[in-house]
Amino acid sequence: AFGGYTGINNGDTWEYTPGTNTWTQTAVTGPSGRAYSGIAYDAGNSVTVLFGGVSDLGFEADTWEYNAVTNTWTETTPATSPPPMASYHLAYVSSQQRVLLFGMDAGTSLMETWAYDAAADAWVDRGPAAQPGVRTNHGMAYHATLDRVVLFGGFDPFPPPGTILDDTW
């Protein structure tokens, strides 16, 4: 887990060990303190990928990788990356060895789909022809047996006051 934001730069990293049911604080340096970042474990490359969030500077569009073995964060420098996102999730797709991002562009309020290849340090805008409509606060996870990312619900903020969604994609 990474995060911690109270209006000042104060992010920290924690690891959970299921066997002992314990949380342990780890790396002290890494991304700036932030809220609402996306995070997923990339099993193919043995790194945890973090994208974006909201920091002291506003919406972020940076990519970081955490290596639990060396207890280090590394900011990557992909040539292209997603724009700052207002609400999104990451899920690792093992069959493609990519981290998938789906969410709302903070500037346009349009939904976008991106894939990150940690081995190549590259984001690709997937731009599918059909995708879920505008939403925030949705849930998303990869189903390995079906080789699909499953997305559920969220909140459509337009027009205010908005609508709670209960659809599955």
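## Aromatic pairs and the ring cluster

Rings of Phe, Tyr and Trp, the last represented by its six-membered ring, are taken to pair if their centres lie within 6.5 Å, and a pair counts as stacked when the planes are under 30 degrees apart, as edge-to-face when they are over 60 degrees apart, and as tilted otherwise. The structure is a predicted model, in which local features need pLDDT of at least 70 and side-chain atom pairs count only at pLDDT 80 or more, while totals for chains, interfaces and linings use all residues. Residues are numbered from 1 along each chain as its sequence is written, and side-chain values use heavy atoms, with hydrogens and water left out.

Six aromatic pairs are found by the ring criterion. One of them joins Tyr16 and Trp23, a tilted pair with 5.1 Å from centre to centre and 45 degrees between the planes. The rings of Tyr116 and Trp123 are also tilted, because their planes stand at 40 degrees, with the centres 4.9 Å apart. Both Tyr116 and Trp123 are buried, a term that denotes under 20% relative accessible area, with exposed meaning over 50% and partly exposed the range in between (1.4 Å probe, protein chains only). Tyr16, by comparison, is partly exposed, at a relative accessible area of 37%. Phe51, Tyr88, Tyr116 and Trp123 together make up one aromatic cluster.

## The four-stranded sheet

Strands are DSSP runs of E with at least two residues, numbered from the N terminus, and two of them pair if DSSP finds at least two bridges between them. Four strands form an open sheet in the order 8-9-10-11, with antiparallel pairing. Strand 8 (85–93) and strand 11 (122–125) are its edge strands, each pairing on one side only, and the twist from one strand to the next averages 25 degrees, on axes that are lines fitted to C-alpha atoms, with angles running from 0 to 180 degrees between N-to-C directions.

Within this sheet, strand 9 (residues 98–105) and strand 10 (residues 111–117) run antiparallel and are joined by six bridges. Gly103 stands opposite Glu112 in strand 10.

## Nonpolar cores

A nonpolar core is a set of buried Ala, Val, Leu, Ile, Met, Phe, Trp, Tyr and Cys residues joined through side-chain atoms within 4.5 Å. The largest such core has 14 residues, and those with the most contacts inside it are Phe51, Leu90, Val99, Leu101, Tyr116 and Trp123. Strand 5 (47–55), strand 8, strand 9 and strand 10 each supply at least two of its residues, and strand 8 gives the most, with four. A second, separate core of six residues includes Ala91, Phe102, Met104 and Met140.

Ala141 belongs to strand 12 (residues 139–143) and is partly exposed, at 43% relative accessibility. Leaving out residues up to four places away in sequence, Ala141 touches Ala91, Arg148, Val149 and Val150, contact being heavy atoms within 4.5 Å.
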